[in-house]
Amino acid sequence: MKVFLESAHLGQIREAVATGLVDGVVTDPALIAKESRGFEETVRDIAAIADGPISVEAVSEGWEELVEE
């Protein structure tokens, strides 16, 4: 079994990763918006903190935009 933290709060992510119990992070545009930071900046920061996989929902609706995102 793998444990994923659902958050975009960098402090929570750092704390959870430090325990060694979290295998990855799951986040979405709504969670990122609550942090009052840019989408791309937040995703990059999460990637720098988390050692495992990161799942991020896309915000674009069109195919070309999704591919670029």
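The questions and answers below concern a predicted model.

User: Which residues of helix 1 are buried, and how do they lie around the helix?

Analyst: In this predicted model, Glu15 and Ala18 are exposed on the other side of helix 1, while the cover over its buried residues includes strand 1 (4-6), strand 2 and helix 3. The buried residues of helix 1 are Leu10, Ile13 and Ala16. Seen down the axis, these buried residues fall within an arc of 130°, so they line one face of the helix.

User: Which residues make up the largest nonpolar core?

Analyst: In soluble globular proteins, nonpolar side chains tend to be buried together. Here the largest nonpolar core has 6 residues in all, and the elements that give two or more residues to this core are helix 1 (10-19) and helix 3 (39-49). Its members are Leu10, Ile13, Val25, Ile46, Ile49 and Ala50.

User: Asp28 is buried, so which side chain of opposite charge is nearest, and how far away is it?

Analyst: Asp28 lies in the loop between strand 2 (24-27) and helix 2 (29-34), and, not counting residues up to four places away in sequence, Asp28 touches Glu6 and Glu57. A polar atom of the Asp28 side chain lies 2.9 Å from the backbone nitrogen of Leu31. A salt bridge needs the charged atoms within 4 Å, and Asp28 has none, as the nearest side chain of opposite charge is Lys34, at 7.4 Å.

Notes
Residues are numbered from 1 along each chain as its sequence is written. This is a predicted model: local features need pLDDT of at least 70, side-chain atom pairs count only at pLDDT 80 or more; totals for chains, interfaces and linings use all residues. Side-chain values use heavy atoms; hydrogens and water are left out. A nonpolar core is a set of buried Ala, Val, Leu, Ile, Met, Phe, Trp, Tyr and Cys residues joined through side-chain atoms within 4.5 Å. Buried means under 20% relative accessible area, exposed over 50%, partly exposed in between (1.4 Å probe, protein chains only). Helices (H or I, at least four residues) and strands (E, at least two) are DSSP runs, numbered from the N terminus. Lys and Arg count as positive and Asp and Glu as negative; His and the chain ends are not counted. A polar contact is a pair of N or O atoms within 3.5 Å; within protein, one must be able to donate a hydrogen and the other to accept it, and residues adjacent in sequence count only if both atoms are side-chain atoms. Contact means heavy atoms within 4.5 Å. The arc is that of the directions from the helix axis to the C-beta atoms.
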